[in-house]
Amino acid sequence: MRWSHYPVTTVKEVPSEAEVVSHQLMLRAGLIRRLAAGIYTWTPLGLRTLRKVETIVREEMDRAGALEVLMPAVQPAELWQESGRWEKYGPELLRLSDRHERPFVIGPTHEEVITDFARRELKSYRQLPVNFYQIQTKFRDEIRPRFGVMRGREFIMKDAYSFHADAASLERGYAAMREAYVRMFTRMGLEFRVVRADTGAIGGSASEEFQVLADSGEDAIAVSDGADQYAANVELAPALPPAAPRPAPAQALARVATPGRRTIAEVATFLQLPPARLVKLLLVEGSDGGVVAIALRGDHELNAVKAQKLPGVASPLRMAGPDSIRAATGVAPGFLGPVGLRCALYADHAALALADFACGGNEEDLHLTGVNWGRDLPAPQGVDVRNVVPGDPSPTGEGRLSIRRGIEVGHIFQLGTKYSEAMQATVLDESGKPVPMTMGCYGIGITRIVAAAIEQNHDAAGIVWPAPLAPFQVVLVPLNAAKSARVRDKAEELYAALTAAGVEVLFDDRDARPGVKFADAELLGIPHRLVVAERGLDAGRLEYRHRRAAANEDWPLDGALETLLARVRAG
């Protein structure tokens, strides 16, 4: 493709509306253009990369035996009412009516539609298992779309749905999809982890996310350095109880005036104790309308996903308000403690392992020191209710955890019969009895992968594409070709030869300064750059540089084409 014939418009300045690197570079490199909040047009250049992602996904889905379909983006509301999600899904569901006032939605996902399709087409267990997938546009009315295509309202997604006769078949189908996803992201050249995750609004019994590791990622991931490669979202990673037993008491209980000191940092500084020697008390709403207290070590954070699963705790988790706290304890927040508490109490394992700790005294401007479980107050039930922190042991027993940031680009679920039962999607079993089909669900954010790849692969000059996702493999840069027939002829010769060899070449035939051409080539992130210049031709050489390399290479003119082809094939 000749650059002069290609609508590639690069921008030097960082767009003011772009917060993250991928959004900035996609706008600067001319991959996308904003139409409305969270809605973007993909330019011909950006679409080349998007289609490469789609191709890899489609090839691996086909290889895994899935069957491609295409479902409507506009879905009748009655299906969502039938599944029970019409009210539950919330304001992200874009609802509309046709001219006859019949309600519809713009599909954010397709569980209802595919379940309706399956119940009409599948009649016998002999037709199972089967997996249907599509690559299609979705719409979710995000309250605050941001980060460009990373969290846009309209996006392209690959969603797949498998149907099985029983749970054992679902397990096998789920494992096959997991392997297919690993192959996809490996082929794309991305560093990723498979992460244990919450099922969220989709539902089901188990799920895993595929997270591209990047410092700008929204998700915190607990990653083990052990050989097991354990990884989980921080909200799901178990925090193991300390291996050592709790020390015996060595201090006497003491009351210490702490005027105006309410926060852990203020109290720790005042008492000259590390936060890890303090116990903080959090009150949350109970499922019966009362409050439940949770004790944590001062340097640890409450894990809402874990806490809302505790017996007697309201779900979703809600922190108790000041009035409820004062009614239950007689004191304002900031001085709460477990000694003498008259409501239900749980203690995180790490807090329960402390001896001679400090805590609130349940009186204004008062804290206690030298507090010990079992001596000064009954030891409550120990639970895992905190976020893991760097250095915690891996739940598998191999290695230690670190906290990485990740961008979710894929999510797979074992749905079970949640949708098939609600929508009466059944098949006849071996005895002729109708039974609900067991389902799996497997999603990939196609547009998000492009942004995630940039977040993981960039430098100060621009994008650094993994070779499989680059819009072009080679950028051919002739310098001052308008003034040199030799440069122009050699560049045309190389362009024709590379194109004939099946190489994707962006031929920068613009009449522009060398600095502009080099800056644009680096911004676009094309892996291989070949420069044709008068001085190089005089010396019988061409200048080559890989986008990830720190320096140029001078290649002999004879054999340069073969050398470049070998480099391209190697990635």
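1. Surroundings of Gln-136. In this predicted model, Gln-136 touches Leu-70, Met-71, Pro-72, Ala-73, His-110, Phe-155, Ile-156 and Met-157, leaving aside residues up to four places away in sequence. Gln-136 belongs to strand E7, which covers residues 130-139. Its relative accessible area is 7%, and because the limit for a buried residue is under 20%, Gln-136 is classed as buried. One of the residues it touches, Met-71, also meets it through the backbone: the backbone oxygen of Met-71 is 2.6 Å from a polar atom of the Gln-136 side chain.

2. Surroundings of Glu-208. Glu-208 is part of strand E10, residues 206-213. Its contacts, again without residues up to four places away in sequence, are Tyr-174, Arg-178, Val-194, Val-195, Arg-196, Ala-197, Gly-410, His-411 and Ile-412. With Tyr-174 there is a polar contact between the two side chains, at 2.9 Å.

3. Division of the chain. Three domains are assigned: domain 1 (10-238 + 403-454), domain 2 (254-383) and domain 3 (472-570).

4. Domain 1 against domain 3. The C-alpha centres of these two domains are 39 Å apart. Their contact involves 8 residues of domain 1 and 5 residues of domain 3. The size of an interface is often expressed as the accessible area lost when the parts come together. For domain 1 and domain 3 the buried area is about 630 Å², and 63% of it lies on carbon and sulfur atoms.

5. Between domain 1 and domain 3 the count is 2 salt bridges. What is the distance between the closest N and O atoms in the salt bridge of Glu-504 with Lys-52? In this pair, the closest N and O atoms are 2.5 Å apart. The number of residue pairs in polar contact between domain 1 and domain 3, both at pLDDT 80 or more, is 2. On the side of domain 1 that touches domain 3, the elements giving two or more residues are helix H1 (21-28) and helix H2 (44-63). Helix H2 supplies the largest share of that side, 3 residues. By type, the residues on that side of domain 1 are 4 nonpolar, 1 polar and 3 charged.

6. A salt bridge inside helix H2. The total count of salt bridges is 38. In one of them, the side chains of Glu-60 and Arg-63 meet at 3.5 Å, N to O. The two residues are 3 apart in helix H2, so about one helical turn separates them.

7. A salt bridge between Glu-191 and Arg-404. The closest N and O atoms of this pair are 3.9 Å apart. The bridge links distant parts of the chain, 213 residues apart: Glu-191 is in the loop between helix H6 (167-187) and strand E9 (192-196), and Arg-404 is in strand E20, residues 401-416. Glu-191 has a relative accessible area of 43% and is partly exposed. Arg-404 is likewise partly exposed, with a relative accessible area of 32%.

8. A salt bridge between Asp-459 and Arg-547. Here the closest N and O atoms are 2.7 Å apart. Asp-459 lies in strand E24 (residues 458-459) and Arg-547 in the loop between strand E29 (541-546) and strand E30 (553-556), so the bridge ties together parts that are 88 residues apart in sequence. Asp-459 is partly exposed, at 33% relative accessibility, while Arg-547 is buried, with a relative accessible area of 9%.

How values were computed:
Residues are numbered from 1 along each chain as its sequence is written. This is a predicted model: local features need pLDDT of at least 70, side-chain atom pairs count only at pLDDT 80 or more; totals for chains, interfaces and linings use all residues. Side-chain values use heavy atoms; hydrogens and water are left out. Domain bounds come from an automatic or database domain assignment. Contact means heavy atoms within 4.5 Å. Buried area is the accessible area (1.4 Å probe) that two parts lose on being put together, summed over both. A salt bridge is a side-chain nitrogen of Lys or Arg within 4 Å of a carboxyl oxygen of Asp or Glu. A polar contact is a pair of N or O atoms within 3.5 Å; within protein, one must be able to donate a hydrogen and the other to accept it, and residues adjacent in sequence count only if both atoms are side-chain atoms. Helices (H or I, at least four residues) and strands (E, at least two) are DSSP runs, numbered from the N terminus. Ala, Val, Leu, Ile, Met, Phe, Trp, Tyr, Cys and Pro count as nonpolar, Asp, Glu, Lys and Arg as charged, and the others, Gly among them, as polar. Buried means under 20% relative accessible area, exposed over 50%, partly exposed in between (1.4 Å probe, protein chains only).
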